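Hi there,

Here is the structure I promised to pass on. Have a look at it first, and then read on for my notes.

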Amino acid sequence: MAVSSKCLLLFISLLLGYGVLQLEATADNQPYRTSYHFQPPKNWMNDPNGPMLYKGIYHLFFQYNPKGAIWGNIVWGHSTSTDLVNWTPHEAAIYPSQPSDINGCWSGSATILPEGRPVILYTGIDPNNHQVQNLAMPKNLSDPFLREWVKSHDNPLMAPNFYNKINSSSFRDPTTGWLGRDGYWRVIIGNKINQKGLAILYKSKDFVHWEEAKNPLYSSKKSGMWECPDFYPVLIKSKLGIDTSIDGPNTKHVLKVSLDDTKHDYYKIGSYNQDKDIFIPDNGPFHKNSRLRYDYGKFYASKTFFEGNSKHRRILWGWVNESSSVENDIKKGWSGVQAIPRSIWLDNSGKQLVQWPIKEIETLRLKEINLPKQVLKGGSVLEVSGVTAAQADVIITFEISELSKAEVLDPSWTDPQLLCSRKGVSVKSGIGPFGLLVLASKGLQEYTAVFYRIFKSHSKYVVLMCSDQSRSSFNHENDETTYGAFVDVDPVHEKLSLRSLIDHSIVESFGGEGKACITARVYPTLATDAEAHLYAFNNGTGNVGITTLSAWSMKKAQIN
């Protein structure tokens with residue numbers, strides 16, 4: 001058939017246009033995609049689910065939308081690793097297939113039963129949009145990758161008890177089970193009644209037939225919905241982790257909840273009374289201004305697991321959501337990353353937890369850059385050269401000798417985030433701000449500042465750690481919230497350490513050797529890839545000493 005030249009030109013232009021559109025959609029132009037943080041190749045990801053170690057293989061399950069970069073169509077994504085750094089993807093482990101989960105397979109946890117058999121409890125959304133709890137088991141226990149899972153015919157195993165006024169739309173996220181002295185398994189499930197948050201306790205002899213306990217493990221008024229609860233023991237004065245079922249005189253217990261109203265993870269340290277099945281916190285109830293948090297930046301829906309091999313660690317995973325707009329997430333084609341796994345233990349004070357990136361992440365370090373011991377004078381900026389600053393690990397230690405210049409802390413300054421917002425990086429004081437400028441442009445038009453500031457309060461000094469995103473990008477459509485935390489360090493007798501893991505659009509910072517953690521998401525327009533720079537700085541009037549500064553470029557992890 002003859003085709004007119006006009007039609008032919010139109011046809012060719014459409015083909016060319018289609019080709020250009022395809023090129024734009026598939027081009028490898030992703031300045032904000034991370035290189036060594038876990039994220040699937042595309043689409044939406046949120047909560048880490050059921051992390052565990054089975055036959056020498058680490059498993060990470062996660063909430064995943066296989067159809068797009070926004071929340072919805074939730075299944076359990078699944079990847080495995082031999083080192084917690086490099087990851088191999090598998091088909092979705094759990095997806096809607098039963099009436100008890102036909103509208104979604106939401107968060108849950110894995111438990112290793114005494115015979116070494118892993119099982120998963122997870123929240124399903126039924127045809128009435130009620131939240132119910134379901135059980136899944138590996139199809140083939142000889143497969144260390146656990147690539148296929150089957151669901152119990154008894155599902156749902158736990159459903160809202162309307163007699164007890166359990167809210168069917170707020171009944172989710174079962175924990176890892178623990179085995180009591182009486183031979184009963186126990187799990188808790190997050191819930192709320194009005195604005196009262198609850199950890200509802202269930203008990204079972206066989207992990208299949210569950211009964212609700214008379215009372216919740218713990219509850220707290222005016223705290224809202226408790227998502228993704230976690231409950232586990234920690235050793236006193238030891239960095240070693242212990243199995244979730246262990247209880248004894250040398251242990252404390254941690255109850256963590258993710259507060260839906262604030263989107264932050266809070267925890268309490270206390271005692272577990274097995275006879276009464278209640279948790280007794282050492283220091284008051286949960287509320288929206290509770291001081292103890294895993295991370296004072298973006299970090300939510302976290303989950304720990306015990307690594308029951310020779311390493312004996314408890315490892316913490318946490319979801320780090322985007323600070324960009326939904327429209328930008330759709331353009332990127334992805335949303336959400338997981339924080340670097342962290343070892344977690346009880347501080348020697350017994351008053352808080354300590355976190356530190358797992359040792360394995362150091363295998364990605366390339367050539368080490370060291371700066372000599374020196375004084376960083378007030379108003380000075382020092383570039384750290386020779387490092388791929390968009391993809392780096394940096395540790396700096398400060399020594400303070402001019403503490404007499406510290407600003408007096410106003411007694412009303414009790415909120416560290418508000419204090420960091422009021423006294424950002426551009427506000428000078430006697431001692432501080434001093435720290436790091438990361439993902440910085442050459443002319444410092446853009447940078448994210450992670451820093452300390454020291455105050456005098458009566459007869460002691462107070463250390464404030466801040467992560468200031470206010471100048472992180474020329475694109476001000478992003479969330480540029482400034483984060484802050486007080487750090488329990490005595491600068492009279494201790495040096496101040498700061499470690500930042502920098503990975504294109506995420507900055508994870510650890511102050512006081514892990515006593516305070518702040519994670520930020522940033523999207524620079526100038527300081528991307530090779531155009532990113534790294535600086536140490538001191539914008540206070542007093543001098544500070546740098547005792548050590550080590551930095552490494554980081555290799556790209558194998559995350560397919």
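One thing to start with, since you will be looking at the cysteines: the link between cysteine 420 and cysteine 466 is left-handed, with -80 degrees about the S-S bond. The pair connects distant parts of the chain, 46 residues apart, with cysteine 420 in helix H3 (residues 416-422) and cysteine 466 in strand S32 (residues 460-468). The S to S distance in this disulfide is 2.0 Å, and the count for the structure comes to 1 disulfide. Both partners, cysteine 420 and cysteine 466, are buried.

Please keep in mind that this is a predicted model. The mean pLDDT of the protein chain is 93, and 94% of its residues reach 70 or more. The stretch to be careful with is residues 1-27, where the pLDDT is below 50 and where the model has 1 contact beyond near neighbours in sequence. Where pLDDT is low, the predicted coordinates should not be read in detail.

Back to the cysteines. Cysteine 228 is buried, because its relative accessible area is 8% and the cut-off for buried is under 20%. Cysteine 517 has its closest cysteine sulfur in cysteine 420, at 15 Å, so that pair is also too far apart for a bond. With a relative accessible area of 1%, cysteine 517 is buried.

While you have helix H3 in view, look at proline 416, which is found in that helix. Proline 416 has a relative accessible area of 16% and is therefore buried. Its contacts, not counting residues up to four places away in sequence, are Leu464, Gly484, Ala485 and Phe486. The C-alpha atoms of proline 416 and methionine 465 are separated by 8.1 Å, although these residues are 49 places apart along the chain.

Now for the aromatic residues. The whole structure holds 29 aromatic pairs. In one of them, tryptophan 178 and tyrosine 272 have ring centres 5.9 Å apart and planes at 85 degrees, so the pair is edge-to-face. Tryptophan 178 is in strand S10 (residues 178-179) and tyrosine 272 in strand S17 (residues 264-273), so this pair ties together parts that are 94 residues apart in sequence. Both residues, tryptophan 178 and tyrosine 272, are buried. They belong to one aromatic cluster made up of Trp178, Tyr218, Trp226, Phe231, Tyr272, Phe279 and Phe286.

Two lysines also sit over aromatic rings. Lysine 205 lies over the face of tyrosine 184, at 4.9 Å from the ring centre.

- Glutamine 274 lies in the loop between S17 and strand S18 (278-281). A relative accessible area of 11% makes glutamine 274 buried. Its side chain makes a polar contact of 3.4 Å with the side chain of aspartate 247. Leaving out residues up to four places away in sequence, glutamine 274 touches Gly180, Arg181, Arg186 and Asp247.

- Asparagine 478 is in the loop between S32 and strand S33 (483-487), and is buried at a relative accessible area of 8%. A polar atom of its side chain lies 3.1 Å from the backbone oxygen of asparagine 475. Beyond its neighbours within four places in sequence, asparagine 478 is in contact with Ser323, Ser324, Asn328, Ser473 and Tyr523.

- Histidine 90 has its place in strand S4 (residues 88-94). Which side chain does histidine 90 join through a polar contact of 2.7 Å? The partner is the side chain of threonine 80. Neighbours within four places aside, histidine 90 is in contact with His78, Ser79, Thr80, Phe145 and Arg147. Its C-alpha atom is separated by 10.0 Å from that of phenylalanine 61, 29 residues apart along the chain.

Happy to talk any of this through with you.

Best wishes

Key: Residues numbered from 1 in each chain as written. Predicted model: local features only at pLDDT ≥ 70, side-chain atom pairs only at ≥ 80, totals over all residues. Heavy atoms only, no water. Disulfide = S-S within 2.5 Å. Helix = DSSP H or I, 4+ residues; strand = E, 2+ residues; numbered from the N terminus. Buried < 20%, exposed > 50% of the residue type's maximum accessible area, 1.4 Å probe, protein only. pLDDT = per-residue confidence, 0-100. Contact = heavy atoms within 4.5 Å. Polar contact = N/O pair within 3.5 Å; in protein donor to acceptor, adjacent residues only side chain to side chain. Phe/Tyr/Trp six-rings, centres within 6.5 Å; stacked < 30°, edge-to-face > 60°. Lys NZ or Arg CZ within 6 Å of the ring centre and 35° of its normal.
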